[in-house]
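Work through the exercises below with the sequence and the 3D structure open. Each task is followed by a stepwise solution.

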Amino acid sequence: MFGVMNDSNSFRGRSLTAAGDWSVEEQRYLYEKTRLLKQAWLMNDTETLDTFRIQAPKELSVWLMFLEPSTRTKESFRNAANFHNVQLNVFDAATSSISKKSESLLDTVKMLYGYSQRSIFIVRTKMEGVCLALAERLADYADRLGRERPSFLNAGDGRHEHPTQEFLDEFTFLEQLQWRTDEIHIALIGDLLHGRTVHSKADGLRVFQKVIVDMVAPPELAMPQNYVSRMEENGFEIRTYPSIQTYLAAGKVSSIWYFTRLQLERMGDEIRDREVELRKAVTFHDPQWMKLLPDGTKFYHPLPRHRERPVIPNFLDQTPLNGWDKQSGNGYFTRIIELALVAGQIGQDFSGEGGRQIGKPKHLRTLSIEDIAKSKEIKMKEYITEIPVKHTTRIEDQWKVGIKPVDDGLVIDHIAKGKTLEQIWDRIDKVRRILEFSVRGSHGVFHSNLPKVTNGETNGAKKQKVFKGIMSLPDINSITQTQLKKLAAASPGCTVNLIANQSVRKKYRLQMPPRIYNFSEISCKNPECVTARQAYQNVPPHFYRTEGETFTCLYCGRRHEYTEIWDL
Ligand code: NCD
């Protein structure tokens with residue numbers, strides 16, 4: 001019979017789409033189990049090893065779906081699956097319908113899921129965010145069939161993340177630090193722009209209480225801002241250096257050096273043309289530099305190394321700095337445990353804080369349509385506030401200045417207040433297109449009578465001109481919830497006034513929503529994102545609000561200024 005979700009084990013059926021999916025406590029649990037497994041393996045303690053092995057392995061299929069080249073990740077997962085004696089399926093990407101007949105990944109995976117009672121998919125593609133999209137959709141599909149949900153383990157998605165590499169890296173650092181988690185000081189060196197293994201560090205390094213990260217990369221290969229912000233939000237201390245030479249000269253050198261290769265296959269021509277110079281900045285080419293390293297320093301690298309121009313040159317292979325060989329060996333152990341966890345073989349004794357559960361919780365599926373509508377309304381109230389109006393509230397005089405007076409209709413006020421004139425005009429245009437009202441009405445940019453900002457530099461108080469946009473749409477006497485939501489997302493801070501007989505009848509103040517999704521006019525601006533139209537995976541864009549006025553793509557993690565996500 002088909003398996004039933006075992007609710008007492010929070011790991012069973014889970015996915016790992018990004019390092020942050022698993023809580024810090026879950027990650028520590030994984031490292032502890034890996035430590036025990038590795039110890040048993042080194043001592044050939046078969047009895048202990050058997051406690052980690054998946055029961056009823058023939059019911060479980062592990063799919064290796066590598067649509068981008070891989071050696072270590074693929075082979076360590078293959079061997080980990082062999083350890084468990086599960087059904088191992090190596091998906092032949094090159095001759096598949098995905099590459100030959102333009103099938104979507106979702107359709108392919110849905111079919112493969114039908115071949116066994118339980119499945120774990122290990123997926124590598126250049127499409128960013130693909131594992132999350134698959135995990136959400138297959139959870140829904142499995143629930144509808146009343147079957148156990150499959151797990152998806154992200155084995156590297158474009159320039160986004162590589163969480164299983166992250167977990168083996170952290171395990172290796174913990175070994176070096178003898179399992180102390182109070183502090184880590186690490187240097188990240190190389191192609192921090194394209195290297196997904198360093199991006200996953202923004203969440204993976206949270207297993208340490210205090211984190212100091214030295215980023216060593218020329219500006220062209222610097223860590224993308226969204227990961228820097230993420231690290232800052234996680235409380236990491238960050239320092240940046242353009243080259244190894246400047247890093248060593250500055251002192252305070254770390255004893256954990258994590259190198260990444262230059263990902264030439266992901267670079268544009270302009271960066272590739274400067275390869276020699278960029279590579280020089282992040283290559284440990286001078287043997288004299290070894291004297292400047294703290295005692296016990298180890299070098300790591302997710303590998304592979306470039307055989308002609310490695311950033312860790314071969315003269316270092318036989319030195320005590322070599323930590324990368326042991327590191328790659330650890331991939332086998334962490335991946336055995338990852339499979340054992342999501343298969344539900346281990347994890348029953350875990351009692352810490354749980355991480356992200358992908359897919360709608362099952363109890364929500366039994367809610368009535370009215371309940372769902374009600375819960376959505378409650379959420380909406382957080383950013384769309386109806387302001388009570390007295391029956392006699394007169395329309396504001398300024399709405400009659402410069403623009404056509406409206407006796408009956410809709411007035412949108414405070415559009416892009418405080419922004420530059422150009423931004424306000426641009427926003428007015430956007431609002432008009434979003435609302436899609438057929439009437440023309442009128443609009444304009446006006447002085448806002450509000451804040452009189454004082455300027456500390458000059459003597460005494462000085463009035464600063466603040467502008468805003470106003471739009472009036474005569475004879476429009478209603479606005480839909482969807483229009484209000486769109487307006488809140490496209491022009492937060494504005495007010496919407498419904499006017500009848502020269503009095504304001506309804507007034508709403510709109511604030512920036514916590515999420516933006518479900519609109520056809522938005523898109524993630526990362527062309528490699530799984531939601532990109534040209535990816536044809538039919539995954540609708542979805543953004544959640546991050547610090548300031550930024551919205552982060554739920555799938556690929558790219559941060560956008562909120563004005564950027566609209567395609568108008
Ligand atoms: C890395 C990857 O594919 O992201 N390699 C790996 O998984 N061991 C790093 C790389 O390709 O440089």
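The ligand sits in the second largest pocket, where "sits" means that more than half of its atoms lie within 2 Å of the pocket's grid points. This is a predicted model, in which local features need pLDDT of at least 70 and side-chain atom pairs pLDDT 80 or more, while totals for chains, interfaces and linings use all residues. Numbering starts from 1 along each chain as its sequence is written, and side-chain values use heavy atoms, without hydrogens and water.

**Exercise 1.** Describe the lining of the second largest pocket.

Step 1. A pocket is an open set of points on a 1 Å grid over the protein atoms alone, where a 1.4 Å probe fits, with protein on both sides within 12 Å along at least five of seven lines; lining residues have an atom within 4 Å of a point.

Step 2. The lining has 23 residues, and Arg124, Arg196, Arg261, Leu303 and Pro304 lie nearest the pocket's centre. Helix H3 (72-84) and helix H8 (196-199) each give two or more residues to this lining.

Step 3. By class, the lining holds 4 nonpolar, 11 polar and 8 charged residues.

Conventions. Helix = DSSP H or I, 4+ residues; strand = E, 2+ residues; numbered from the N terminus. Nonpolar A, V, L, I, M, F, W, Y, C, P; charged D, E, K, R; others polar.
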